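Try each task before you read its solution.

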Protein chains: 2
Amino acid sequence: MEETLTYERLLLFAENIFLKIGCNNDDAAIAAKVLLSADLRGVDSHGVARLSGYVRLWQVQRVNVKPIINIIHETPSTAVVDGDAGLGLVVAPFAMQVAIDKAKKVGTGWVSVQNSNHYGIAGYHAMMALQYDMIGIAMTNASALVAPTFSKDKMLGTNPIAVAIPAGNEQPFVADFATTTAANGKLEILQRKNKPVPAGWVQTKEGEESVNAGELKDGGALLPLGGSREGSSHKGYMLGSIVDIFSAVLSGANYGPWVPPFPAYIPMPANMPGKGIGHFFGAMRIDAFRTAIDFKNDMDNWIRAFKKATPVNENQPVIIPGEPEAAIEKERRAIGIPLHKVVADDLKELGLTFGVIF
Amino acid sequence: MEETLTYERLLLFAENIFLKIGCNNDDAAIAAKVLLSADLRGVDSHGVARLSGYVRLWQVQRVNVKPIINIIHETPSTAVVDGDAGLGLVVAPFAMQVAIDKAKKVGTGWVSVQNSNHYGIAGYHAMMALQYDMIGIAMTNASALVAPTFSKDKMLGTNPIAVAIPAGNEQPFVADFATTTAANGKLEILQRKNKPVPAGWVQTKEGEESVNAGELKDGGALLPLGGSREGSSHKGYMLGSIVDIFSAVLSGANYGPWVPPFPAYIPMPANMPGKGIGHFFGAMRIDAFRTAIDFKNDMDNWIRAFKKATPVNENQPVIIPGEPEAAIEKERRAIGIPLHKVVADDLKELGLTFGVIF
């Protein structure tokens, strides 16, 4: 069922595909690196499995492979970046670097982005800050799949938040999560296995509780983190809304139900109020608050205290955010990235179409 | 069962109590205003009901009523504030004002606070930014009542996040929520009524599911937003952790299981790594990103779209964060603030003790 390829080989393949559709060398290299970072960290839904999806967006002319990415407004600690309809995989690292550069000068940097496309995993961009002893933050909006509390209508995307925080001898703390109970990728896995989903993940198109993994295809919606009114889904709805507003209302991108969909075959929403999809990035220099040494000592102490917290089941200790992903990355860099047959076949076909050896 | 007093009368009473314990005029006025803002907005658990609790913290010398609040480190966009063990009700508005002043100059301001105490409702501080056409953010850590996913131990507080966002003709968007499924105050209400709590709110001291509203008193813990592994409680755990780290590891306050408790009779944790409790504040000038007019037009459009989303039950439309609280405030400013008999009796006794007419 699976085929395992080295990271380097998949990276080169993705880079060559991006070159074939017209990206310049630098853009193709960074787009491939961001895309593959998802596979490395075990977020298979956001990695090479989506390469064809990005190509199809280019085919329908919704992605500009030669973007001129611009800062259109700025202050010492802020900027708005126009992605010129480029790949989010290219626009996002540019914008995050702007945030980092501003943090170097005035302590923090905050960048809202308009006119972009999907940017891969949020965690990659947030983690760019770590090497500078900064805290990194990345958010993005996405097309509407989520019903706010009390509604039948899909008004928000899965709108993820990533926060990367340096530590000393311990691994960095890296949180990266959708503001829904479950990401769409988890539903697809259960759907393939013909299994029900837990309560609180989806609702029917009439807004009723459901355990049907295929509910989205029947007009249903994902639910905000919390899952139900009693479970405080209004808090997940608020979080998703904050991500949407920071990413898109602050930048002039599309928001709410008007965010362009990732699948190229889905028509664009009518009456779009902004440009493309929106992201939001932040970088905070640790030593703009305390010395990095003091901070890292306390982070190590924090992490060790949480690791030592008494587990309910002794075989399952408390997990530090980012720890499982770092372990998967180590393993996959060593022994390769396993691809589901459907994904491998899709990539082979893509290679044939563009004359790139898979 | 209830007694209703005007806002002005309760405000004056609280102010006089703060004066009696030694606050200067300015500090007493702001402390009373912040405290009462909770009652005005319907967050009764965080308002005058806690006045005696603050006084008891002063009685055991855990609150310094004559603090010298200082900026101990800063850059153009950041600061660390030492609250000198003052009332959080006084320290927090000072620190949020520092964030606002920095935002005026360089676009955004970010302030982490050490050596503080409980600061009332997070929403008050975030909303301070609105009058300047800024987005306001406020977080705080709190003593550990929450078990991270997979653990029996209480390692985090209810660690709330508030985000206030200006709009044009619509009310501002004001989210203010604990990063747990339910705040402690909601448990207490159900406990008084002898009712069970919904699944996902608490667990027993052994980490088992529970619907016992009194579980905390039996050694149990609150659960992070999400409520269970299947409900993605790891996301609530990550959110609570981020609030803890931004508020306390970044400032040098106490974090995780070492945060001082609010009830004065609970002993302080051993081996505390920092000073007092920690807060984190942010202010972002809208026009550091876009013109305020454009932003507010889009916010109005966002809010109207969400209000018009098809409800599941036609009697319950989608709620915009902050809308119910604004309605309660309007009502309570007009007709007064209802006090539970237990609270009214407690305040009367407090008044007798300090010679302040209730």
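**Exercise 1: the interface**

Task: work out how many residues of chain B are in contact with chain A, and what they are like.

Solution. Start with the count: 65 residues of chain B are in contact with 65 residues of chain A, where contact means C-beta atoms, placed from the backbone, within 7 Å. This is a predicted model, in which local features need pLDDT of at least 70 and side-chain atom pairs count only at pLDDT 80 or more, while totals for chains, interfaces and linings use all residues. Residues are numbered from 1 along each chain as its sequence is written, and chains are lettered from A and ligands numbered from 1 in the order in which they are written.

Next, look at the elements. Those giving two or more residues to chain B's side include strand E4 (108–116), helix H7 (233–249) and helix H8 (292–307) of chain B; helices (H or I, at least four residues) and strands (E, at least two) are DSSP runs, numbered from the N terminus. H8(B) gives the most, with 7 residues.

Last, sort by class: chain B's side has 37 nonpolar, 22 polar and 6 charged residues. Here Ala, Val, Leu, Ile, Met, Phe, Trp, Tyr, Cys and Pro count as nonpolar, Asp, Glu, Lys and Arg as charged, and the others, Gly among them, as polar.

**Exercise 2: a helix pair**

Task: decide how H3(B) and H10(B) are oriented to each other.

Solution. Take the geometry: helix H3 (51–59) and helix H10 (341–354) of chain B pack at about 40°, with axes 10 Å apart. Axes are lines fitted to C-alpha atoms, for helices over the stretch in contact, and angles run from 0 to 180 degrees between N-to-C directions. Under 35 degrees is roughly parallel, over 145 roughly antiparallel, 65 to 115 roughly perpendicular and the rest oblique, so this pair is oblique. Then name the contact: B:Leu51, B:Ser52 and B:Val55 of H3(B) meet B:Asp346, B:Leu347 and B:Leu350 of H10(B).

Methods. Two residues are in contact if their C-beta atoms, placed from the backbone, lie within 7 Å.
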